[in-house]
Amino acid sequence: MANLLRKCRVVPIQFVLAGAALLIYIIYSQRPEKVNLESKWAELRDEELKKYASVREVGLEFVRKTGRVGNNIEDLGEKTLDRMNLTQLMVAVHSFLDNADVMCKRRIRMGSLSDGGWEICDDDLVRPKQPPCLVYSFGSVEHFAFEDDISRVYGCEVHSFQVDMAWDDYNRSDLIYVHPFGVGKYTEDNPEGKELYTFGDIRTILSHKKRNIDVVKLDIQYAEWSAMQEMVEEDELDNVRQVLVEYHIGSDPTEEKLRRMLRILRGMSEAGFRKFYVHKCEKGSYHHPNFPVVRSKCYDIHYLNENFLKKRDKKPKLEEEDEEEEDTEEEEEEEKGGSDEKKTKKQVEDEDREEEEEDEGKRKKEREEEDE
């Protein structure tokens, strides 16, 4: 009887384990096979390039010759732009956006480590100055990780602009102010009914015209090109220390769009902005014969304003001038002191001569009295 009971206990457990194993097998067998990107990469690339069968694929030497990096984009004149074909334009845009211009010795990430986080350059002169540092954040879409971090770490006054927000201005905290409008090329209500203001008008509305802005962040889904065009053309970024922007290129831009992008990127470079951090967006990678390797549809570009860094170069010169002025003053004092010494010595000699003459006169008078 005891043996029978033991068997009854064991049999159900065995059935349960067998049923569980069968269920797991059925679930995994129904799942689609996971594509191994490394092994399938060549096939995926060839498949994408079939769409451009009539376009000749460029090589690395062409990229080196045509691609623009660093300040070379400032040499890209209008006549050259007009002569460039689609391949040359695309190589120029991607080459420039994919390479940094200057080193930031200390970067601190604000917000999420994944999408929604941004790098801040913490080097002297370009770091947010506390207090009262000022930050503009466009397009956070009700995610405040970046705003929360930069207000907490640096103590900055942060203005977050959310054009899709359905309610009025409000304060998220003592330092974070949320506004229901966005930035654009014009001050207007656009066709989608969104309230937009130029960057200059926003600064006027908020009474920030005379203040330095430490950080401007733009993540506004293709609208950055129009907004940045207005900022560059109107010199609205002269007193901005850092600009963080997500540039959207797309997978098949036209020649006119690429020329417009290059003009705006050239304007940023001419205004003194240098890329200290570049990051390709992982989502939306694609192959195109106008570039020999995989491209991204968007780039996160982090600029610092070199005009602020130039102040450091002027400082030693001022110190040298101060030292020269001090040396000149010391020499003048020494000359003055020397002349005073000479004058004093002469006065002493004159006084001694006068005393001798007086003594001689007294002695002469005494002799005359004795003779009498």
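## Basis

Residue numbers start from 1 along each chain as its sequence is written, and side-chain values use heavy atoms, with hydrogens and water left out. In this predicted model, local features need pLDDT of at least 70 and side-chain atom pairs count only at pLDDT 80 or more, while totals for chains, interfaces and linings use all residues.

## Salt bridges

Side chains of opposite charge can pair when their charged atoms come close. A salt bridge here is a side-chain nitrogen of Lys or Arg within 4 Å of a carboxyl oxygen of Asp or Glu. The count comes to 26 salt bridges. Helices (H or I, at least four residues) and strands (E, at least two) are DSSP runs, numbered from the N terminus. Buried means under 20% relative accessible area, exposed over 50%, and partly exposed in between (1.4 Å probe, protein chains only).

Glutamate 61 bridges to arginine 64, with the closest N and O atoms 2.6 Å apart. The two are three residues apart in helix 3 (residues 60-66), so about one helical turn separates them. Both glutamate 61 and arginine 64 are exposed. In helix 6, arginine 152 pairs with aspartate 149, and their closest N and O atoms are 3.0 Å apart. Arginine 152 is exposed at 61% relative accessible area, whereas aspartate 149 is buried at 18%.

Arginine 241 forms a salt bridge with aspartate 214 at 3.2 Å between the closest N and O atoms. This pair links distant parts of the chain: arginine 241 is in strand 11 and aspartate 214 in strand 10, 27 residues apart. Arginine 241 is buried, with a relative accessible area of 10%. Aspartate 214 is buried at 2%.

## Buried charges without a bridge

Lysine 217 lies in strand 10. Lysine 217 is buried without a salt bridge, and the nearest side chain of opposite charge, glutamate 147, is 4.2 Å away. Its side chain makes a polar contact of 3.0 Å with that of serine 137. Such a contact is a pair of N or O atoms within 3.5 Å; within protein, one must be able to donate a hydrogen and the other to accept it, and residues adjacent in sequence count only if both atoms are side-chain atoms.

Aspartate 123 sits in the loop between strand 2 (118-121) and strand 3 (134-138). Aspartate 123 is also buried with no salt bridge; arginine 106, the nearest side chain of opposite charge, is 5.3 Å away. A polar atom of the aspartate 123 side chain lies 2.9 Å from the backbone nitrogen of lysine 105.

## Backbone angles

Most residues other than glycine have a negative phi. Serine 207 has a positive phi of about 60 degrees. Serine 207 is in the loop between helix 7 (199-205) and strand 10 (213-218), and is exposed at 62% relative accessibility. Aspartate 235 has a positive phi of about 55 degrees. Its loop runs between helix 8 (224-233) and strand 11 (240-248). Glycine 155 follows helix 6, with a positive phi near 70 degrees.

Terms used
Lys and Arg count as positive and Asp and Glu as negative; His and the chain ends are not counted.
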